[in-house]
Every structure is written in C-alpha cells, then in structure tokens.
Amino acid sequence: MALLDLATHNLWSEATAPTLRTLEIIGTLRDRYGKNYKPNTRETIRRRTLHQFVEAGLIVINPDDPTRPVNSPKTCYRIEPAALQLARSFGQQAFHAQLKEYLTNREGLIERYARARRQEMLPVTLPDGTAVELTPGGQNVLLKQIVEQFCPRWTPGGQILYIGDAGKIDPVFEQDALTRLGVRLDKHGKLPDLIVYLPERNWLVLMEAAPSHGPVDEKRYGELRALFGTSSAELVFVSCFPSRAEMRKHLAVVAWETEVWCADAASHLIHFDGERFLGPYDTEA
C-alpha cells in the first residue's frame, strides 16, 4: 500500500508509483495506517518482505541505479509498472481480465528483471574453483577480494562455510558442516561476513568486511565469542579493509588478539598483540 501511495480513503484507481526507501515505507505505515515499526526493524522488513516482493516481480529495487548496493542507505523501491496497472483496475469490471493477462505474462516479467539483476552480479571464485555470485557494490567488492586473495594466501586448504550477502540469499551457508562443529547459527542474526574452516588445524576463521559493519572491536569480539561459544574448533578473528588508508580510520578500536588484513597489501597481515600470529587464543589462560 505504501508503494502504491494509497491511504485508507483512496480509490485503487488513484494508485501511483513513488520511489521509497525502507525508512520512508516505515514512516508511511506509521502515519497512514497506525502501524509503528521501530527504525531498527528496517533490515527485517527488507529481508522478509521487500526481498520477496522483488523476487516475485511486484516491485523493482533501485530503479534509478541498479548497481547501488542493496544495503546502501539510498536503496529504494518502486512498484513494477504492470503490477501498478493491475492494482489500478482493482474493483473495476476489467480487473479479472487484466489479472488473467498479468498472470500469463508474470513469469516473463520475473525473468526479465532477474536477467537484468544477473547482468549486474559480481562473480566470485571460491578456493576450490566453485563459482558463486554476489550482488554488486558495497561490502561485496571487498568480500570478493577476501575470498580470492586472502583465502588462498592465509587459509590454504580451508573450507568456506559461510558468505553473507545483504542483497540476496547467502550464496554459501554450509549449515550441516557448522552443526558438526557444534555451531548453530540464526541466519537473521549478526553473523560474520565470512567463515572459513581449517580442518588441519581445527580453526574457524571469522572475518568481517570492516568498512560496512566495523572491525572486530571489543564489543564485536565478545559477540562473536558468545555466538560461536559452542564451537569445537578454535576461533580466529580477522578485520578486513580495502586499503591501509581505510584501516587507519578504525585502528583505535580494533580488538587485541585479532588480525587485520588490507586488500591493497594482500600478502601481509597486521597482528594485534598476543603470542600467536594468525591463531586462536585460550580465553581461560
């Protein structure tokens, strides 16, 4: 209703197609319908409602800039033109005929928009040669660098168990493998951006794309320790940056006994104290 710009007193024929960000949709629901969602629920609305509407072809994401990262604060949505015309005819004699035509053409519409989105996708090659795709822009550019540059150098033989993608269903989520390690994760929780398992050393390497969510600071260090507290593998924490210039903005808050990696110096690691280099620590010692 928000994306059709309809209030309770409007006729369906008065529907329009505003371009709205998630916070603007939340504001419309509050002001027009008395449904007061808190601002911190926008991620839930995006993942559990808007994402499904996009996949169903009902709405279009970032019609003004398809390359915009999905988790950008500027990300916006607009009703798909054919869906708008159908909504405008609701309650009129022509509605059922238009609905039949819409359903006949719907799969083609979905495929057309899906094809356009696929053209913008970011291809990523996993260390084992498997190809996956990430949505364009944002942290995913750095995630591609982590997978293709960090992993071969610093976690050789590692198995990627999770890659997060804010714009789609996570392309890698080896839930069974994590369960065997004693880890049960809620996909809607605050997961690290990348999880790699090193079977030879029994390490879980937890990596954050720092410019998007921040580095592994003391708060995040505690959150990850709690989230993976049942793991039978020992934990390693890495904050990843696209460049040393970007890293300098966050140096003051990086947690001790963690690692830092910069994509512009991919063959080097920065070690934050401790007796180990790229290794887990016994928190009870």
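Strands β6 and β8 run antiparallel and are joined by four bridges. Here strands are DSSP runs of E with at least two residues, numbered from the N terminus, and two of them pair if DSSP finds at least two bridges between them. The model is predicted, so local features need pLDDT of at least 70 and side-chain atom pairs count only at pLDDT 80 or more, while totals for chains, interfaces and linings use all residues. Residues are numbered from 1 along each chain as its sequence is written, and side-chain values use heavy atoms, with hydrogens and water left out.

Let's look at the sheet as a whole. In general, strands of a sheet pair through backbone hydrogen bonds, either parallel or antiparallel.

The table lists some of the pairings.

| Strands | Sense | Bridges | Facing residues |
|---|---|---|---|
| β6 and β8 | antiparallel | four | Ile-163 and Leu-194 |
| β8 and β9 (203-209) | antiparallel | five | Leu-194 and Met-207 |
| β10 (234-241) and β11 (259-262) | parallel | four | Cys-240 and Trp-261 |

Four residues separate β8 from β9 in their hairpin, where Asn-202 takes a positive phi near 55°.

Next comes a loop residue. Asp-165 lies between β6 (159-163) and β7 (172-173), and it counts as buried because its relative accessible area is 1%. Its side chain makes a polar contact of 3.0 Å with that of Asn-140; such a contact is a pair of N or O atoms within 3.5 Å, where, within protein, one must be able to donate a hydrogen and the other to accept it, and residues adjacent in sequence count only if both atoms are side-chain atoms. Leaving aside residues up to four places away in sequence, Asp-165 touches several residues, including Arg-47, Glu-133 and Asp-170, where contact means heavy atoms within 4.5 Å.

Finally, Trp-12 lies in the segment before β1 (20-21). This residue counts as partly exposed because its relative accessibility is 32%.

Technical notes. Buried means under 20% relative accessible area, exposed over 50%, partly exposed in between (1.4 Å probe, protein chains only).
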